[in-house]
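Work through the exercises below with the structure at hand. Try each task before reading its solution.

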Amino acid sequence: MNHNASPSAPLRRARRIVLLGLAILGAASALFVLRRPLMMSAPRCMAGRWHGCLDTFNGVVLMTLVTLPLAVLVAWALARGRRAVAGTSAWRMSLAEVGMVHGTVPFVWMTMMPGGGAGIVPARVSLVPLRDLATMGPLGIGGNLLVLAALGFFAPMRFAALASVPRLLLLGAGCSVLVETAQYVLQLDRVSSVDDVLVNAAGAASAGLASRRWWRTTAQAPSERLRPAPATAG
């Protein structure tokens, strides 16, 4: 009766192992390529110096990697504390909350770093769509796609109200508008561009699609263990 269903479990397990292996291989390759730039900031970061560490891209990336075990520990503590209430979804909820913060704050921090003419050069705005894409280049476009990627990936896993692509686009666009507005108001010597908003929103939605199988599509329900047992007749 279940001959067709039985091979599916090993197949899914093998696919997960392959995907996990590819992710680990990709992360290891990225670290190998970036090892020299990251190590340039390591002495200042380890000494707790602001200049040369948290005011540089390399330093922020390095500190993000260094604090990754701490983020995992926080997610574990949150999951352990809510296990009695959330049941099997405790780990997913906790991982999503920590992932949104740990994966988004560093990128937003980098976008808010002041340029050389901060406070001197007048704030600049570019409101013509698609005009700045040619000047961004592949590296700039890739970086903008990653700014809100963690938010788009984890937010629908935590909040059922965000479990749709249009809502993720709106979430990414709204957050990006706030960042671009802050850059303009603070005169950080950066161009507040509508193209940044479009690419940031596209990155959030694309990352959300990658986590679609884990989206939380229903409102939080009480744990099965906390539900009262049905009264017996008699």
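**Exercise 1. Surface and fold**

Find what share of the accessible surface of the chain belongs to carbon and sulfur atoms, and describe the order of the secondary structure elements.

Solution. 
- Step 1. The model is a predicted one. Its chain has an accessible surface of about 14900 Å². Carbon and sulfur atoms account for 71% of that surface.
- Step 2. Turn to burial. The chain has 234 residues, and 32% of them are buried.
- Step 3. List the elements. There are nine helices and two strands. Read from the N terminus, their order is α-α-α-α-α-β-α-α-α-β-α.
- Step 4. Look at the contacts in the chain with a separation of 6 or more: 71% of them are between residues 24 or more positions apart.

**Exercise 2. The nonpolar patch**

Determine which residues make the nonpolar surface patch and which helix gives the largest share of it.

Solution. 
- Step 1. Collect the residues. The patch consists of Leu68, Leu70, Val72, Leu73, Val74, Trp76, Leu78, Trp91 and Leu95. Its area is about 800 Å².
- Step 2. Assign them to elements. Helix α4 spans 68-86 and helix α5 spans 90-111, and each supplies at least two residues of the patch.
- Step 3. Helix α4 provides the largest one, with seven residues.
- Step 4. Check one member. Leu73 is part of helix α4. Leu73 counts as partly exposed because its relative accessibility is 49%, and the exposed class starts over 50%.

**Exercise 3. Salt bridges**

State how many salt bridges there are, and work out which residues are joined into one network by shared partners.

Solution. 
- Step 1. Count them. A side-chain nitrogen of Lys or Arg has to be within 4 Å of a carboxyl oxygen of Asp or Glu. By this rule there are three salt bridges.
- Step 2. Take Glu97 and Arg82. The closest N and O atoms of this pair are 3.2 Å apart.
- Step 3. Take Glu97 and Arg158. Their side chains form a salt bridge with an N to O distance of 2.6 Å. Glu97 in helix α5 is here paired with Arg158 in helix α7 (residues 149-158), and the two are 61 residues apart. Arg158 counts as buried because its relative accessibility is 14%.
- Step 4. Take Arg124 and Asp189, whose salt bridge has an N to O distance of 2.7 Å. Arg124 belongs to strand β1 (residues 124-126) and Asp189 to the loop between α8 (165-186) and β2 (191-193), so this pair ties together parts 65 residues apart in sequence. Arg124 is partly exposed at 36% relative accessibility, and Asp189 is also partly exposed, at 23%.
- Step 5. Look for shared partners. Salt bridges that share partners join Arg82, Glu97 and Arg158 into one network.

**Exercise 4. The disulfide**

Identify which cysteines form a disulfide, and decide whether the disulfide is right-handed or left-handed.

Solution. 
- Step 1. Recall the bond type. A disulfide is a covalent bond between the sulfur atoms of two cysteines.
- Step 2. Search the whole structure. One disulfide is found. Cys45 and Cys53 form it, with their sulfur atoms 2.1 Å apart.
- Step 3. The torsion about the S-S bond of Cys45 and Cys53 is about 110°, so the disulfide is right-handed.
- Step 4. Classify the partners. Residues under 20% relative accessible area are buried. Cys45, at 8%, therefore counts as buried, and so does Cys53, at 2%.

**Exercise 5. The nonpolar cores**

Find which residues make up the largest nonpolar core and which helix gives the most to it.

Solution. 
- Step 1. Start from the general rule. In soluble globular proteins, nonpolar side chains tend to be buried together.
- Step 2. Name the members. The largest core has 10 residues: Ala96, Met100, Val147, Leu148, Ala150, Leu151, Phe154, Ala155, Met157 and Ala204.
- Step 3. Assign them. Helices α5 and α7 each supply at least two residues of this core, and α7 gives the most, with five.
- Step 4. Apart from the largest one lies another core of five residues, including Leu38, Ala42, Cys45 and Cys53.

Technical notes:
Residues are numbered from 1 along each chain as its sequence is written. This is a predicted model: local features need pLDDT of at least 70, side-chain atom pairs count only at pLDDT 80 or more; totals for chains, interfaces and linings use all residues. Side-chain values use heavy atoms; hydrogens and water are left out. Patches are made of residues with over 30% relative accessible area and no salt bridge: like charges are joined within 9 Å, nonpolar side chains (Val, Leu, Ile, Met, Phe, Trp, Tyr) within 5 Å. Accessible areas come from the Shrake-Rupley method with a 1.4 Å probe; for residues, only the protein chains shown count as cover. Helices (H or I, at least four residues) and strands (E, at least two) are DSSP runs, numbered from the N terminus. Buried means under 20% relative accessible area, exposed over 50%, partly exposed in between (1.4 Å probe, protein chains only). A disulfide is a pair of cysteine sulfur atoms within 2.5 Å. A nonpolar core is a set of buried Ala, Val, Leu, Ile, Met, Phe, Trp, Tyr and Cys residues joined through side-chain atoms within 4.5 Å. Contact means heavy atoms within 4.5 Å.
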